[in-house]
Amino acid sequence: MTPRGWLILGGSAIGAILFIYLFLGMVSKPTYSTLATGLEPGQTGKMTSVLDQHGIHYELQNNGTALAVQSNETSQARVALGGSGLLGNAQPGFSLFEKSSLGESNFQQQVTYQRALQGQLAQTIDNIQGVSGAQVELVLPSAQSQVFGESQNASSAAVLLTGTTSLDPTSVRGIAQLVASSVPGLQLSKVTITDGSGALLWPSQDSEGAASATGKQAAEERYDSGMEAKLDTILAQTLGPDKAEVQVYATLNTNQTTQESLEYGKSVPTQQTKNVETLAGGGGAAGGTAGAATPAAEKTAGTSNSNYKHEVTSSSLGVSRTVTHSTIAPGTIESQHVSVLLDKTVPAATLPAIKEAITNAAGIQAKRGDTIAIGQMTFAKPTGAAAAAGGGMIGDAKYALLGIASLLFLFFTTRALRRRENEPIDHQPPWLRELELPISLSELERTTPARPIEPMPVTVASGGNPVRRQVEQLADANPERVAQQLRNWMQED
């Protein structure tokens with residue numbers, strides 16, 4: 001192998017070893033998960049001692065106030081620290097009232113209650129899946145301000161989540177609702193939730209207390225994107241990919257209203273009274289009785305030519321009624337406008353059917369002011385998008401592919417060099433043509449050489465052998481060829 005071949009082989013080996021070292025170092029780099037925060041220096045020292053005894057790898061964070069362990073050793077660390085009584089929540093719960101004294105003032109009792117409530121909420125949030133640690137801070141109005149009517153709804157809460165993986169918005173809202181429901185007078189908009197990096201998780205744009213304009217805009221954007229995806233799927237299934245583009249612009253009513261209705265049913269009599277008046281008399285005399293008639297009056301009425309009777313009935317009717325209180329949820333569609341852009345390759349005869357399908361799928365109502373527009377134009381070929389998609393397929397596997405390519409290069413380079421070493425030399429420089437073919441040892445022993453060698457111009461020193469000098473010069477000029485000739489002689493023997 002030539003020096004250049006050894007140099008290429010050595011460089012390839014060094015590059016492959018360096019790549020393997022970096023790749024293995026990147027893959028085997030451990031990831032740490034926060035196990036506890038808000039620790040005191042003394043408690044941190046005890047916890048690290050226990051972890052050292054069990055051979056668990058750990059890492060100090062936040063200037064020693066937080067402790068993190070490797071992700072694959074989280075369970076072992078919890079068991080080890082829990083067995084030593086060091087993994088208890090930093091915020092105590094309602095166990096604080098077990099050691100209360102009779103001489104405590106109202107202020108001390110209020111502070112104890114606040115601390116206990118904070119610790120209890122932190123312990124409850126710790127049990128939620130995806131949360132490794134939580135710290136709760138409450139601001140409660142004092143009893144004096146409540147008596148004098150000041151700051152009735154001044155309660156607020158701040159929650160810090162540590163070691164969280166990826167909480168979805170539903171879980172974050174559930175935590176906020178849990179805290180707001182556990183504290184008297186605490187509104188949902190007064191709860192603040194942040195993660196370990198300081199990012200604000202609650203309140204969000206869609207939560208209560210956000211600006212109405214922002215909430216309306218977010219709701220309309222969600223509706224537009226959802227409707228566009230739905231219509232794009234329908235067109236892609238019927239026309240094929242990259243044949244249509246849909247844009248939806250909708251106006252939603254995000255105001256939450258309350259509606260009350262009152263309906264009356266069939267009336268039913270609940271109370272009834274009856275009053276009867278009679279009048280009887282004869283000749284010039286007239287007399288009357290009201291109510292029930294006496295025997296004397298009946299006798300007089302019998303001999304008289306006049307008889308008067310008046311009957312009055314009074315009834316109290318009960319009317320059945322139905323009172324309905326309903327809350328109209330926000331999100332009602334006031335109007336929407338759909339624009340569909342098709343490729344020129346789509347036949348014009350199919351446009352009416354496409355318009356009808358989009359109208360039915362989007363729920364277009366002309367009476368409400370909805371509109372739909374369909375147009376055609378030539379679409380550009382997605383060359384750049386295809387290239388970007390092809391490049392994105394490599395993704396995180398680019399390092400692995402690079403390593404495989406380096407190993408393949410090293411393998412084929414070594415194989416080619418070995419093959420090159422065993423191949424005979426076909427192309428010779430001009431100064432090597434003196435030995436055209438290998439000469440056997442028997443031919444050299446003959447008195448008359450079969451292939452005479454032309455004498456080379458050399459400077460012979462006095463007393464030296466010219467033949468020996470020529471052989472030495474030939475060996476110095478072409479050592480590889482001389483070595484090959486010697487190998488042939490040795491094989492003949």
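1. Helices (H or I, at least four residues) and strands (E, at least two) are DSSP runs, numbered from the N terminus. On that basis, the secondary structure of the protein chain consists of 14 helices and 13 strands. This is a predicted model, in which local features need a pLDDT of at least 70 and side-chain atom pairs count only at pLDDT 80 or more, while totals for chains, interfaces and linings use all residues. Residues are numbered from 1 along each chain as its sequence is written, and side-chain values use heavy atoms, with hydrogens and water left out.

2. On confidence, pLDDT is the predictor's confidence in each residue, from 0 to 100. The protein chain has an average pLDDT of 75, and 72% of the residues score at least 70. Over residues 447-451 the pLDDT stays under 50, and the model has 2 contacts (heavy atoms within 4.5 Å) for this stretch beyond four places in sequence. Residues 458-462 also have a pLDDT below 50, with 3 contacts in the model beyond near neighbours in sequence.

3. For the chain as a whole, 22% of the 493 residues count as buried, where buried means under 20% relative accessible area, exposed over 50%, and partly exposed in between (1.4 Å probe, protein chains only). Among the contacts in the protein chain with a separation of 6 or more, 69% are between residues 24 or more positions apart.

4. From strand 12 the chain crosses through helix 9 (residues 351-362) to strand 13 in a right-handed β-α-β crossover, which is to say that, with the strands pointing away from the viewer, the path from the first strand over the helix to the second runs clockwise.

5. In soluble globular proteins, nonpolar side chains tend to be buried together. A nonpolar core is here a set of buried Ala, Val, Leu, Ile, Met, Phe, Trp, Tyr and Cys residues joined through side-chain atoms within 4.5 Å. The largest such core has 23 residues, and those with the most contacts inside it are I125, L138, L161, V179, V191 and I193. Two or more residues of this core come from each of helix 4 (106-126), strand 4 (133-139), strand 5 (156-162), helix 6 (169-182) and strand 6 (191-194), and helix 6 gives the largest share, 5 residues. A second, separate core has 20 residues, including M227, V246, V346 and I372.

6. Leaving aside neighbours within four places in sequence, V191 is in contact with A157, A176, V179, A180, L186, W202 and P203. The peptide bond from W202 to P203 is cis, with omega near 5°, and P203 is in the loop between strand 7 (200-202) and helix 7 (212-239).

7. Two further loop residues may be checked. D242, in the loop between helix 7 and strand 8, has a phi near 60°, a positive value in a residue other than glycine, and is exposed, with a relative accessible area of 56%. T350, in the loop between strand 12 and helix 9, counts as partly exposed at 30% relative accessibility; the C-alpha atoms of T350 and L239 are separated by 10.0 Å, although the two residues are 111 residues apart along the chain.

8. E311 lies in strand 11 (residues 306-328) and is partly exposed, with a relative accessible area of 40%. Apart from its neighbours within four places in sequence, E311 is in contact with K274, N275 and V276, and its C-alpha atom is separated by 4.1 Å from that of V276, which is 35 residues apart from E311 along the chain.

9. Rings of Phe, Tyr and Trp (its six-membered ring) pair if their centres lie within 6.5 Å, and planes under 30 degrees apart count as stacked, over 60 as edge-to-face and the rest as tilted. By this rule the count is 1 aromatic pair. The ring centres of F411 and F412 are 5.3 Å apart and their planes are at 70°, so the pair is edge-to-face. F411 counts as partly exposed at 48% relative accessibility, and F412 counts as partly exposed at 47%.
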